[in-house]
Amino acid sequence: MSMPYENILSERNDGITTITINRPNKLNALNKATINELNQAFKVADKDKHTKVIIITGSGEKAFVAGADISEFAHFDVKEGGKLAAKGQELLFDYIENLSTPVIAAVNGFALGGGLELAMACHFRIASDNAKMGLPETSLGVIPGYGGTQRLPQLVGKGRAMEMVMTAGMIDAETAKAYGLVNHVTTQDELIALCEKIAGKIMRNSTVAIKGAIKAINANYKDGVDGYKEEIKQFGKCFGTDDFTEGTTAFLEKRKAEFPGT
Ligand code: COA
């Protein structure tokens with residue numbers, strides 16, 4: 001299955017939808033049209049019952065995403081700047097984070113500014129060894145506006161986030177792994193295969209349980225929300241699902257579970 005888009009590609013194979021940002025000669029920078037198409041592609045993949053995991057990556061050998069498209073916002077005023085951030089977070093960054101389908105970022109090169117913010121909005125990240133990550137916004141006279149000031153400290157700790165944002169510098173893949181920003185580092189050739197291998201492990205498990213787990217884990221990072229309460233709620237809900245009946249029955253019958261996904 002393949003959808004027609006201008007700035008991205010979306011393709012499903014064996015339960016995995018791979019979304020590729022496809023503006024390699026602009027290092028896959030996120031302009032408005034690309035953000036809208038990504039929103040559409042994530043919506044379609046999340047609704048598609050055959051998609052169990054989504055992988056997002058960048059086309060070409062150089063970049064995952066080199067940031068928001070600077071040429072598009074360079075002339076914005078205060079109001080337009082605020083709107084740019086709000087709209088982007090609504091359509092893409094918060095949208096991905098709260099999706100019920102697991103999303104893996106395959107960071108295949110530069111992930112800068114909005115590009116790193118996009119990777120951080122995904123449920124977890126795997127990088128190739130050529131990847132370089134950073135939030136260079138302060139070198140442009142702005143701050144990260146797609147959730148970077150919130151998600152980077154959550155992932156790497158406040159001090160490292162402060163240094164990365166203040167220096168506007170880049171870190172390499174190994175440093176990103178040591179910081180906990182990416183879970184694994186591999187070669188560029190092996191990157192998608194490793195993401196697919198991990199996706200394969202995810203797909204064996206209950207999609208309904210995973211959906212509840214995403215909600216409960218995310219609740220830990222939402223102001224005014226008690227994550228423990230959300231966990232209790234999601235835990236209880238599992239007991240009413242066919243997946244729970246199948247998972248526990250299969251265990252007791254010493255066979256592999258075949259989850260219906262309901
Ligand atoms: N927005 C718009 N265009 C971008 C872009 C961005 N964030 N990042 C790269 N591009 C464009 C370049 O303008 C260039 O276009 P051109 O060929 O029409 O001139 C093309 O992508 C290739 O980039 P180039 O800078 O020539 O590649 P490089 O290998 O010399 O440098 C980077 C790579 C990533 C270091 C450099 O592109 C860069 O610093 N990009 C901006 C990163 C940034 O600040 N992002 C945060 C935005 S909030």
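Residues are classed as buried under 20% relative accessible area, exposed over 50% and partly exposed in between, with a 1.4 Å probe and protein chains only. The model is predicted, so that local features need pLDDT of at least 70 and side-chain atom pairs count only at pLDDT 80 or more, while totals for chains, interfaces and linings use all residues. Residues are numbered from 1 along each chain as its sequence is written, and side-chain values use heavy atoms, with hydrogens and water left out.

Surface patches were assembled from residues with over 30% relative accessible area and no salt bridge, joining like charges within 9 Å and nonpolar side chains (Val, Leu, Ile, Met, Phe, Trp, Tyr) within 5 Å. A salt bridge here is a side-chain nitrogen of Lys or Arg within 4 Å of a carboxyl oxygen of Asp or Glu. Accessible areas follow the Shrake-Rupley method with a 1.4 Å probe; for residues, only the protein chains shown count as cover.

Lys32, Lys79, Lys83 and Lys87 form a positive patch, with Lys and Arg counted as positive and the charge of Lys placed at NZ. Helix α3 (residues 78–97) supplies the largest share, three residues. Lys32 lies in helix α1 (residues 32–47) and counts as exposed because its relative accessibility is 60%. Helices (H or I, at least four residues) and strands (E, at least two) are DSSP runs numbered from the N terminus.

A nonpolar surface patch comprises Ile70, Leu140 and Val142, together about 240 Å² of accessible area. Val142, in the loop between β8 (132–134) and α5 (148–156), is partly exposed at 35% relative accessibility.

Strands β1 (residues 8–13) and β2 (residues 16–21) pair antiparallel over six bridges, where pairing requires at least two DSSP bridges. Asn13 has Ile16 of β2 as its bridge partner. The two strands form a hairpin with two residues between them, and Asp14 in the turn has a positive phi of about 45 degrees.
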